[in-house]
Amino acid sequence: MAKTTEVSDKIIQALADYLKRDAASIQPTHHLRDDLGLDSMAVIEMLYRIEEVFNLQIPDQDLVGLTTVGQVIAYVHDRVMPAPAAPKKPAAKRSTKSKKA
Amino acid sequence: MSARVVITGLGVVSPIGIGVPQFWKAALEGRSGISAISAFDPFPLEGYRSRVAGRILEFSPEQYLPVGQGDRVDRYAQFALVAAKEALADADFRIEREEPHRVGVIVGAGMGGMVMGEREITQLYEQKRPHRVHPNFIPVITLNSASGIVAMAYGAKGPNLTISTACSSSAHALGQAMHAIRAGSADAVIVVGADASITPLVFAGFCSLRALSTKYNDAPERASRPFDKGRDGFVMGEGAGALILESLSHAKKRNARMYAEVAGYAATSEAYHMVIPREDGEEVATTMRLALKDAGVTPAQVDYINAHATSTTVGDAVEVKAIRLLFKSRADKLAVSATKSLVGHTLGAAGSLAGIVSALTLTSGQIHPTLNLDDPDPACALAGLSAQPQARKTKVALINAFGFGSNNAAVVLKAIST
């Protein structure tokens, strides 16, 4: 099972590959749009890569909560490492906001 | 009186050179851009009847474009970006000095983003994971991705259009750009023709259509042989051509160098057959006649024809029949060349490459050789066809372009006389 640092490293590496920049320059506090310059299409492309890396499907309603690198790491971490106390709710921190149709 | 239209910049990405100077030098030297296809991994090569193509073997967008600019578009649109960049620089056309809404982009593309298109379709059907279809699949395969990215890259906010009429696409792009400028809806138009679909599915499709050359798989450079008795189908090519068209007054105002005037254009349909031309040549002759009329020139004034000449048995013969119908005794006084003998059939790019060649011919008086004219077919003999380069004063050039779907285009260029 993936450890937190593994999740974090993989996500930062995926971002670095996508952005063609050094992984060391990407911080969890970075805002995807404001700090890393990702527009909404770029965020979708980046999440597409992360879905592949972690074999995940990220539902549309979860996208709204993913605006910083740290949020993406925490989200993926929760998805791939379900909390032992709540094994039936693997995505405990998922946003409940629904996407406007 | 409607505006006159001139060409002020050229750009090329082709199997015989990236950049106009390289392309034109190779064309005049009669260099072939056709090579063997060594693999279509993971597909068995034996499954392809034709194994030759005019491919651009060393191309990476990073070499020519700012980092990231070509990332979200397919190979054909990357070619379009590179060709447009060269043409704009060649014209010294700077968008910051222009009213951007008066600068249009018209792209001719036959197949579009097939590299990603085929990959995604294959993966979906093999892996059956719809959620893994790439988020950029739709924007990439939508046929106006090249006209869109060219406008974004170079800030052109005027009319933005894509014309897709198979092999005649960018001849129509030239003609429609001329119309837009004549009509006053743009001061300038970046005209591009582009295609890059030497891909496993498209190539197999043309093989199945029995449209491609298969006799020269072991001698690729001999495969594209328009008007020769030994021709047996076209050779697929890839590439892009870009031309900056401006109103004459706009070009004069900014003191631009002018290659040629785009003086006339005709678009017709044979309303006959999806892939076969009418064998009597009447419709092709009519198309040329209408374009000359639009340009205000008579057949007797034409000096050079850049023939559509794809190297198919029927197509080349029909074109010559049509030339004889229209030009009568003048037919053997015309200089004629077949650009596809050099680069293969670049589909959506073909009309733009013909436009570039014709503009360079008008300015230089040099006509590139038609390769592999070893044994000219009497059914398509023209005295002005030559396997050698020719030097002739040319004032009026005619470009032919015919596409699947019974589609014909002809464009007339004139030497600059202001």
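This is a predicted model: local features need pLDDT of at least 70, side-chain atom pairs count only at pLDDT 80 or more; totals for chains, interfaces and linings use all residues.
Which hand, left-handed or right-handed, does the crossing of α1(A) and α2(A) have? Residues are numbered from 1 along each chain as its sequence is written, and chains are lettered from A and ligands numbered from 1 in the order in which they are written.

**View 1. Helices α1 (residues 4-19) and α2 (residues 40-54) of chain A cross at roughly 135 degrees, and their axes come within 10 Å.** Helices (H or I, at least four residues) and strands (E, at least two) are DSSP runs, numbered from the N terminus; axes are lines fitted to C-alpha atoms, for helices over the stretch in contact, with angles from 0 to 180 degrees between N-to-C directions. The two helices are therefore oblique to each other, a word for angles that are not under 35 degrees (roughly parallel), over 145 (roughly antiparallel) or 65 to 115 (roughly perpendicular). The crossing of α1(A) and α2(A) is right-handed, meaning that the near helix is turned clockwise from the far one by less than a right angle. On α1(A) the contact is made by A:K10, A:I11, A:A14, A:L15 and A:Y18, and on α2(A) by A:E45, A:M46, A:R49, A:I50 and A:V53, where contact requires C-beta atoms, placed from the backbone, within 7 Å. By class, this contact has seven nonpolar, no polar and three charged residues (Ala, Val, Leu, Ile, Met, Phe, Trp, Tyr, Cys and Pro count as nonpolar, Asp, Glu, Lys and Arg as charged, and the others, Gly among them, as polar).

**View 2. Domain 1 (5-253) and domain 2 (264-414) of chain B, with bounds from an automatic or database domain assignment.** In chain B, 62 residues of domain 1 are in contact with 55 residues of domain 2. On the side of domain 1 of chain B that touches domain 2, α6(B) gives the most, with eight residues, and the residues of that side divide into 31 nonpolar, 22 polar and nine charged.

**View 3. B:T199 lies in the loop between β7 and α7 (200-208) of chain B.** B:T199 is buried, with 21 other C-beta atoms within 10 Å (20 or more count as buried, 12 or fewer as exposed, and values in between as partly exposed). Leaving aside neighbours within four places in sequence, B:T199 is in contact with B:M114, B:V115 and B:E118.

Technical notes:
Two residues are in contact if their C-beta atoms, placed from the backbone, lie within 7 Å.
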